[in-house]
Amino acid sequence: QVSHQPYGLSTANPPQPGSVQRARPTIAYVTAEELASVPKATASRITLAVLNEAVEAIQKVVDAKARIIALAKDKGKLSTKERELLSLYRSQRTPDHGKAFFVQEKDVAAVVALGSGKGKSIVRTLRHLKRLRVVSTNGATSYVVCE
């Protein structure tokens, strides 16, 4: 007999209630075709290599934050500094973020020079390509990872 499981799901090891974890958000690398579709005024003189280096740097920030949030269920595994970061992350969430994953502007500024023209062009390009979305609330700017 053939077992028909919806969507190809197997019942060999079904997930336990409450054990389902969201996948870590990822920011896809930019392709040459995508960069060519971005208006020159938006992308300025950003090269594909520079843009993808920035994507990789922002992804490292996202991964670090996601790791701490994933460990939140077992606070015994968190160091004091990680617990403080978790508390900070939770206090930064606003209704505008919804359930989406976000990083603060200062975290992105640590890896991408947002004060420079190049950094601004990188963020504008990633926004245009719908890799990031900006949310400004109470004077704080954050970037939501679009999936």
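A polar contact is taken here as a pair of N or O atoms within 3.5 Å. In this predicted model, the side chain of Thr125 makes such a contact, reaching the backbone oxygen of Ser121 at 2.7 Å. Thr125 belongs to helix α6.

Helix α6 spans residues 117-128 and has twelve residues. From first C-alpha to last, α6 reaches 16 Å, close to the 16 Å expected at 1.5 Å a residue. Just after the helix, Lys130 adopts a positive phi of about 60 degrees.

The buried residues of α6 are Gly119, Ser121, Ile122, Val123, Thr125 and Leu126. An α-helix has 3.6 residues a turn, so residues three or four places apart point the same way. The cover over the buried residues of α6 includes the helices α1 (32-37), α2 (40-43) and α3 (48-70). The strands β2 (132-137) and β3 (140-145) also contribute to this cover.

Thr125 counts as buried because its relative accessibility is 0%, and the limit for burial is under 20%. Beyond its neighbours within four places in sequence, Thr125 contacts Leu35, Val38, Thr42, Ala43 and Leu51. Lys40 is 85 residues from Thr125 in sequence. In space, the C-alpha atoms of Thr125 and Lys40 are 9.7 Å apart.

Aromatic rings were also examined. The count of aromatic pairs is zero. Two rings do have a charge over the face, that of Lys65. Lys65 lies over the face of Tyr89, at 4.7 Å from the ring centre. Lys65 also lies over the face of Phe101, at 5.6 Å from the ring centre.

Note on methods
Residues numbered from 1 in each chain as written. Predicted model: local features only at pLDDT ≥ 70, side-chain atom pairs only at ≥ 80, totals over all residues. Heavy atoms only, no water. Phe/Tyr/Trp six-rings, centres within 6.5 Å; stacked < 30°, edge-to-face > 60°. Lys NZ or Arg CZ within 6 Å of the ring centre and 35° of its normal. Helix = DSSP H or I, 4+ residues; strand = E, 2+ residues; numbered from the N terminus. Expected span 1.5 Å × (residues − 1). Buried < 20%, exposed > 50% of the residue type's maximum accessible area, 1.4 Å probe, protein only. Contact = heavy atoms within 4.5 Å. Polar contact = N/O pair within 3.5 Å; in protein donor to acceptor, adjacent residues only side chain to side chain.
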